[in-house]
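Q: I have a model open and would like to go through some of its local features. Could we take them one at a time?
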Amino acid sequence: MVMTHRPIHSEADYDRMVALMNSVLDAVGDDEEHALSGLLDLVSDLVAAYEEEHYAIEPAEPKEALRFLMEARSLRQEDLSTIVPQSNLSAILAGKRKISATLAGKLGKFFQVSPAIFIPT
């Protein structure tokens, strides 16, 4: 897929960038050392910047957004074990560990929300 990487100026740009982010996430998978993981970070930042400007909501810390989504769906930590090890999830919810761009993408897909809510601003 060939795409110019530039700030997002329209909904169409946003839709294309989210599609790119999801494609890169599919390629990167669990491999945080993957050659495309840097691209995933950049694209996620562009998406997050656009969403912050156009879909502004009361800011929440990524761990609080995750906690809210888990509670809203009555999920326990074990229910996310296929996405993130329980010990890592405990550390994230306790504020001792940050959510990586790769994990943000996986959580976004799982909860069907933008991965940008899991990336600190």
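Q: To start, is serine 74 buried or exposed?
A: Serine 74 counts as exposed, because its relative accessibility is 64%. Buried means under 20% relative accessible area, exposed over 50%, and partly exposed in between, with a 1.4 Å probe and protein chains only. This is a predicted model, in which local features need pLDDT of at least 70 and side-chain atom pairs count only at pLDDT 80 or more, while totals for chains, interfaces and linings use all residues. Residues are numbered from 1 along each chain as its sequence is written, and side-chain values use heavy atoms, with hydrogens and water left out.

Q: Where does serine 74 lie?
A: Serine 74 is in the loop between helix H3 (62-72) and helix H4 (86-93). Helices (H or I, at least four residues) are DSSP runs, numbered from the N terminus.

Q: What is phi of serine 74?
A: Phi is near 55° there, a positive value in a residue other than glycine.

Q: How many residues of H5 itself are buried?
A: Eight of the 11 residues of H5 are buried, and the helix is mostly covered. Among them are Leu103, Leu107 and Phe111.

Q: Which helices do the buried residues of H5 pack against?
A: They pack against H1, H2, H3 and H4.

Q: At what angle do H1 and H5 pack?
A: Helix H1 (residues 11-28) and helix H5 (residues 101-111) pack at about 110°, and their axes are 10 Å apart. The two helices are therefore roughly perpendicular to each other, a term for angles of 65 to 115 degrees. Axes are lines fitted to C-alpha atoms over the stretch in contact, and angles run from 0 to 180 degrees between N-to-C directions.

Q: Which residues make that contact?
A: H1 contributes Asn22, Leu25, Asp26 and Val28, and H5 contributes Thr102, Gly105, Lys106 and Lys109. Contact means heavy atoms within 4.5 Å.

Q: One last topic: where is serine 37 placed, and is it buried or exposed?
A: Serine 37 belongs to helix H2 (residues 37-54), and is buried, with a relative accessible area of 16%.

Q: What does its side chain reach?
A: The side chain of serine 37 reaches the backbone oxygen of glutamate 32 at 3.2 Å. Leaving aside residues up to four places away in sequence, serine 37 touches Val28 and Glu32.

Note on methods
Angles under 35 degrees count as roughly parallel, over 145 as roughly antiparallel, 65 to 115 as roughly perpendicular and the rest as oblique. A polar contact is a pair of N or O atoms within 3.5 Å; within protein, one must be able to donate a hydrogen and the other to accept it, and residues adjacent in sequence count only if both atoms are side-chain atoms.
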